[in-house]
Amino acid sequence: MSQAQFFQIKVPENVVAGQQLRVRAPNGVDVVFGVPANCPPGTLLRVPMPKAPAQPPAANPAAPSDPPAAAGPSPAEMEKKEVTEYAEKALFELQNLLTKKKDELKEDMDKLEKQISELKAQHSKKEEEYKGIVDQLPKLEEMSKKFSAQFKG
């Protein structure tokens, strides 16, 4: 079984989740699908590439005619096709959901990294203030001794 190919589209501004969207794939085939939940306008979606229609063979009047085509795919083949299409659609929606969650997590990580950076800067500032106070303690103790000596003497 060959691996499905995909193409990307951007959800248009006037489209909402659940709405049916018709797009033309790069191979010229129209694709209709429902926009997944949590995919606002501007979201990039990966869409499974539809199979291109078979090209009819060029007519050759000298060649004998082909035998008539079979009545169509068997019920098992039709069921397999339906299951495959359903699985591709589910995979497509799952990939889009995972992409969105990944983007949300990246945004959260960026926010956390910014907060950590701000906290480190605040910590450094407080550490400098503390050091300044500690550096003043000997001088304050000296002044306290002199002050006590003046009142006792």
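Q: Why is Asp-30 called partly exposed?
A: Buried means under 20% relative accessible area, exposed means over 50%, and partly exposed lies in between (1.4 Å probe, protein chains only). Asp-30 has 33% relative accessibility, so Asp-30 counts as partly exposed. The model is predicted: local features need pLDDT of at least 70, side-chain atom pairs count only at pLDDT 80 or more, and totals for chains, interfaces and linings use all residues. Residues are numbered from 1 along each chain as its sequence is written, and side-chain values use heavy atoms, with hydrogens and water left out.

Q: What makes the contact of Arg-24 with Asp-30 a salt bridge?
A: A salt bridge requires a side-chain nitrogen of Lys or Arg within 4 Å of a carboxyl oxygen of Asp or Glu. The closest N and O atoms of Arg-24 and Asp-30 are 2.7 Å apart, and the pair therefore meets the definition. Arg-22 also forms a salt bridge with Asp-30, at 3.8 Å from N to O.

Q: Is Arg-24 buried or exposed, and how do you know?
A: Arg-24 has 59% relative accessibility, so Arg-24 counts as exposed. Arg-22 is exposed as well, with a relative accessible area of 58%.

Q: Why are Glu-129 and Lys-126 said to be separated by about one helical turn?
A: They are 3 residues apart in helix α1, and therefore about one helical turn separates them. Helices (H or I, at least four residues) and strands (E, at least two) are DSSP runs, numbered from the N terminus. Glu-129 and Lys-126 also form a salt bridge, with their closest N and O atoms 3.9 Å apart.

Q: How many aromatic pairs does the rule give?
A: The count comes to 2 aromatic pairs. Rings of Phe, Tyr and Trp (its six-membered ring) pair if their centres lie within 6.5 Å; planes under 30 degrees apart count as stacked, over 60 as edge-to-face and the rest as tilted.

Q: Why is the pair of Phe-33 and Phe-92 called edge-to-face?
A: The ring centres of Phe-33 and Phe-92 are 5.5 Å apart and the planes lie at 80°, so the pair is edge-to-face. This pair links distant parts of the chain, with Phe-33 in strand β3 (residues 30-34) and Phe-92 in helix α1, 59 residues apart.

Q: What makes Phe-92 buried?
A: Phe-92 has a relative accessible area of 3% and is therefore buried. Phe-33, at 9% relative accessibility, counts as buried too.
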